Amino acid sequence: MKQEDVQPNNVTFVVLLKACASLAALEQGKQLHFDIIKRGFQSDVIVGNTLVDMYAKCGCTDDARELFNNMSERNVVSWSAMIAGYAQNGLGKEALALYEQMKQEDVQPNNVTFVVLLKACASLAALEQGKQLHSDIISRGFQSDVIVGSTLVDMYAKCGCTDDARELFNNMSERNVVSWSAMIAGYAQNGLGKEALALYEQMKQEGVQPDIVTFTCVLSACASLAALEQGKQLHFDIIKRGFQSDVIVGSSLVDMYGKCGCIEDARELFNSMSKRDVVSWSAMIAGYAQNGLGKEALALYEQMKQEGVQPNNITFTCILSACAHSRLVDEGRYVFDSMCKDHDVTPTKEHYVCMVDLLARAGYWADAELFINKMPIEPDSLVWMTLLGAARNHGHVEIGRRAFDLVVKLDPKNAAPYVLLSNIYAAAGRKDELAKIRNEMKDAGVKKLPGCSWIEVDKQVHAFVVGDATHPQSKEILAELDRLAGLMKEAGYIPDLSFVLDDVEDEEKEKALCKHSEKLAIAFGLISTPPGTTIRIKKNLRMCGDCHNATKIISKIVRREIIVLDANRSHHFKDGFCSCRDYW
């Protein structure tokens, strides 16, 4: 156009700036900015707004703000563009502060303003500011706007207020696929996979067509529950609607199959993807990590690099986790060192936690503590919890106590460190220390998170908590457990009473162990599915040592594969053995 000497106008510059923003083409955007000044369009408010947007979308929020401050005329679009720029670049506090300035200057916000502000609140989990925005939305009459309403649902859910989000969702005068997806995502993100799947079924019944975002959210819910049958049904729906070639959906399917313990299905799907990005590769590596296949994860990581795909921080978290669960200490060290040296990725808290896990889990105590002391960031409670967990696995009392003291100092309301240290004392036979830590736990007013296990039977998800007697088939489940208990003792099973922390008689401890949530779920699976069927269970906590030993024996007695996906990894029990080789 320039070569043919056609003079651009303000519309030309607006659409070109949008093109630069979509490509994050900063240098071309700067050249356009120069041309705009040269041709006298810098005072055009629409052009100025689009320049602010371009700089912000290229990550240059300081440049965007300088331009915004120097605009001779600003309107609500100008303010919304700058607020959006802050929100999109993870600067939620700055976005909210600018909104306060906007109100002081008596500029009336529009629906776009509220949408970007709510997203800023969601990213910060800033519930109180979100509630104030909700009040402003009502007072300005935007509560019936479907986009604003959907973003409100998302904000409340991301702040952990799923009940408030659902009430808002139920009361929306108009709902579209974005509204439904926001509520489904809210349930999935807050560990309420069962509710997410139920809402998806309701969505279909009301004739709302799911989109890519919906499928991604529902697949995440299936993965969180190990609801394989519903995941497979979703896979069918995805193919039927023509989304199977979408890289985001494909990556979510790989993730779902991997987290359900179907690693071969995940790899077959990964291999068949017509397009793969770093998310796809990371999802497959994460699947191998989840299932304790460290060498396979490393091989795929090498293939990824050979194909020219640059690993990101999530990839490194997955590969380091895979090394930790497979005792690949030297390999993990090499990967960690190569992050900065070869890939220009700065280690984050998650990477440091993985390295502490790698070293401590393998019994390299001196190396683990030295690594923590040399970390360039201050160790948080998760670092010390990781060390405490490894101390529990190895029965290392002194290190466990040191790690416990540091966790409690940083996170005093967390019950997990008390439970872990109690396990260490119980296993070591230190009754006095065990009694003391129980009293400390009571004095601190913290309560242990109850163990919960989920099992899918006939596309229905059933949940069990420890000691549960509320299931409609509770009598049959307990009868099956009694039957199994006799057979297990004949096979040499001896209950490990150290995993019961209550101060009761041994007989009561045995009864308590028998009613751990995964055992209840296994018994229900045995009475509800045909012989030979694989039993697949998801648990919210780490599987205790007694349940691990018991499940190995049960798998041999009933001649079934039992897959338990706990908070740490997937355990595949078959013929009396577990895929983790007792290293989890």
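The side chain of S179 makes a polar contact with the side chain of S150 at 2.8 Å, where a polar contact is a pair of N or O atoms within 3.5 Å, and within protein one atom must be able to donate a hydrogen and the other to accept it, while residues adjacent in sequence count only if both atoms are side-chain atoms. This is a predicted model, in which local features need pLDDT of at least 70 and side-chain atom pairs count only at pLDDT 80 or more, whereas totals for chains, interfaces and linings use all residues. Residues are numbered from 1 along each chain as its sequence is written, and side-chain values use heavy atoms, with hydrogens and water left out.

S179 belongs to helix 11, residues 177-189; helices (H or I, at least four residues) and strands (E, at least two) are DSSP runs numbered from the N terminus. With a relative accessible area of 0%, S179 is buried, a word that means under 20% relative accessible area, as against exposed at over 50% and partly exposed in between (1.4 Å probe, protein chains only). Leaving aside residues up to four places away in sequence, S179 touches V146, S150, F169 and M172, contact being heavy atoms within 4.5 Å.

Helix 7, residues 111-124, has 14 residues and reaches 20 Å from its first C-alpha to its last, close to the 20 Å expected at 1.5 Å a residue, where the expected span is 1.5 Å times one less than the number of residues. At the start of helix 7, a side-chain oxygen of N110 comes to within 3.1 Å of the backbone nitrogen of V112, and after the helix comes A125, whose phi is positive, near 55 degrees. Among the buried residues of helix 7 are F114, L117 and C121, and the cover over its buried residues includes helix 5, helix 6, helix 8 and helix 9.

Strand 3, residues 535-539, is largely enclosed by the rest of the structure, because 5 of its 5 residues are buried. In a regular strand the side chains alternate between the two faces of the sheet. In strand 3 both faces are covered, with I535, I537 and K539 buried on one side and R536 and K538 buried on the other. The table lists its pairings, two strands being paired if DSSP finds at least two bridges between them.

| Partner of strand 3 | Bridges | Direction |
|---|---|---|
| Strand 1 (residues 452-457) | 3 bridges | antiparallel |
| Strand 4 (residues 562-565) | 4 bridges | parallel |

K539 stands opposite S453, and I537 has V564 in strand 4 as its bridge partner.
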